[in-house]
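These are my notebook entries on a structure that I looked up. The order is that in which I consulted each topic.

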Amino acid sequence: MITPRRWHAAAEALLLPAGALAAALLAFGLFIWFGGGSPSEAWTLLFMGAFGDAFSWQNTLQRAAPLMLTALAVALPARAGLTVIGGEGALVLGALGCAGLPYLFPGLAGAGGSLLILLAGAGVGGAWVAIAGLLRQKRGVNETISSLLLGYIAIALFKHFVEGPMRDPASLNKPSTRPLEDSLRIGAIAPDSLLGDVHWGLVIGLLLCLAAGLWLSFTASGFALRVVGGNARAARLVGLPTDRLIVLACTLGGAAAGLAGAVEVAAVHTSANASLIAGLGYTGILVSFVARHNPWAIPPAAILFGGFAAAGSLLQRRMGQPDASVLVLQGFAFVFILAAEALRGRLFQLEVPRMVRLRVVPARRRVAT
Amino acid sequence: MSINDWIDLLLAIVGGAVRVGTPYLFVSLGECLTEKSGRINLGLEGVLVFSAMAGFGGAYLSGSPWLGVLLAGCSGAALALLHGLLCSLQRVSDIATGIALMLLGAGLAFYLGKPLIQPQAPQIPSIELGAWSTSPSVQSALSINALFPIGVLLAVLLAWGLRNTRWGLTVRMVGDSSDAARALGTSVNGVRIAATTAGGFIAGLGGASLSLYYPGSWNEGLSSGQGLIAVALVIFARWSPLRCLGAALLFGGAGAIGPALQSVGVSGGYYLFNAVPYALTLAILIATCSPKRSLKGAPMELGLSR
């Protein structure tokens, strides 16, 4: 009996998100239609703008890179049972840390310097989100609310420093920090090939998603983290260091989001400014939910939503749609992804053999009623 | 700064407490009602943005601010209804749905509100309580949003209704023990959907206050976390509508510090002063929450107070 059940679960894991996204696209088409646009044109443009040619692929991959990292910021705490959504705040502070390190150490240069500024971004982001984990474990403060509040405080700090103490006097219209030295910047992977401007951030994102998945699946601490997420009481009873694991998951998640901000500065913007506050942290929440907090499923989901974001400007140019049309599509996708969970056989169950018995009982009860 | 500057600053903060606090009041009342039924609606942030846009649009198109207020309430109720229905599905978490609603509400509002950024809509009238004074700063401090008395009335009504009516008892029962409610034949999901929708309507009035009174225009940065602060504010107010009123004024005052300082000419650290409400919320959460016991006054079914 177990084998078909597993097969069902695997099919569900693929079909439910796909169905939900199809429903979201359908709803988006209806929405465009109510506004007097042509749904088929919108769908075509979405596809063309995201995956139509080499240029749109480059755009898509560039946008997907930070999304992978901000999605990890949601996924890792989620596997420990926490709904932390402070990715946006960790991202902007990571960007600030990355742009700020050369202020403290003006001599930074070269690949070693690049590594240091990226680590600074990751460190700041990690420390910031760790606060949410600590508050939850030590004071019982709801981590969703505290992480969002921390996010708003982070954005205020970011604006204060970028427009105040750290402002580059040469940035007149758009307050920015001093631009990074050329040798500190992160370049394209293969500038002369089809990949074009796609920078090393994509590789960092892919590698970290891979590593996070390996950690969760094949290491003792990753396993312990999933036990904590499945049942924190049971984890405490068997003597797992619950507090430490939860704070660790928050720190690693925050570090991923901080790294996203640092990469955006080092590879795209070259200085910290308001363009960084572009909702990447919020889209990352959606990506993580679509991937069901599975790090290995994050890259395809990130590429999909990076693609939709890339197609947004095409919708704007060709159909005169407001730039918020992508947000509407994301909102629909989120709602349908959540609704799809109601159809799943059993949600958020750890793939732990011991949990199988727990999984069977509600299923039987549902048949009886 | 001279003595007069300090008095002006104080007056600006007191007046700002009502002006900035009115949206907090409505959203926290809406959230209070929702949470009393045992569900959290984090999506009130999205409701606030969406209803602010709808209220502005309604007032602009109809020419009447009160029709705009009504439309804001109804659109808030519609979004909250979606939250209520989604959460009634099996295994759908109310926190995750709230996050989804935050994104959806903001997305819809930015999309539909694009043409509303330029025009001016008729505003909600203000009640001039300061007409007796000759000082312009007293007059402006005591010029009060006409929605504010409605909010005060609503807080009293809600407090009385929850305590003394059959309907209030049902909501509290569903929030405290869904098993007991089911045993009595009450539809738990039905009551929760109704409470969430009504809460969305009330929160929508707060959105109207944002776009039709203060700041009094529609733009994409209109609400930045007020809806979320209101959720935390309900915890601070221990789920009592009357205490929500006091908490909303306190937070309104905290939110008014930045603009008030700017109005007397202090502009350094503007962004930091704007972050005061968030920091205050966090500080209050840290001070009031405890890992050992669930919060006093919290509905038992609420996932927030675990």
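I count a residue as buried if 20 or more other C-beta atoms lie within 10 Å of its own, as exposed if 12 or fewer do, and as partly exposed in between, with C-beta atoms placed from the backbone. By that criterion, buried residues make up 56% of the 306 residues in chain B.

**Basis.** I note that this is a predicted model, in which local features need pLDDT of at least 70 and side-chain atom pairs count only at pLDDT 80 or more, while totals for chains, interfaces and linings use all residues. Residues are numbered from 1 along each chain as its sequence is written, and chains are lettered from A and ligands numbered from 1 in the order in which they are written.

**Confidence.** I looked up pLDDT, the predictor's confidence in each residue, from 0 to 100. Chain A averages 89, and 92% of its residues score at least 70. Where pLDDT is low, the predicted coordinates should not be read in detail.

**Chain B overall.** I find 13 helices and two strands in chain B, taken as DSSP runs (helices H or I, at least four residues; strands E, at least two) numbered from the N terminus. The radius of gyration of chain B, 19 Å, is close to the 19 Å that the globule rule gives for 306 residues, so chain B is as compact as a globular protein of that length. That radius is taken over C-alpha atoms, and the rule is 2.2 Å times the number of residues to the power 0.38. Of the contacts in chain B with a separation of 6 or more, 77% join residues 24 or more positions apart.

**Interface.** I record 37 residues of chain A in contact with 39 residues of chain B. Helix 13 of chain A gives the largest share of chain A's side, 11 residues. The residues on that side divide into 24 nonpolar, nine polar and four charged, where Ala, Val, Leu, Ile, Met, Phe, Trp, Tyr, Cys and Pro count as nonpolar, Asp, Glu, Lys and Arg as charged, and the others, Gly among them, as polar.

Methods: Contact = placed C-beta atoms within 7 Å.
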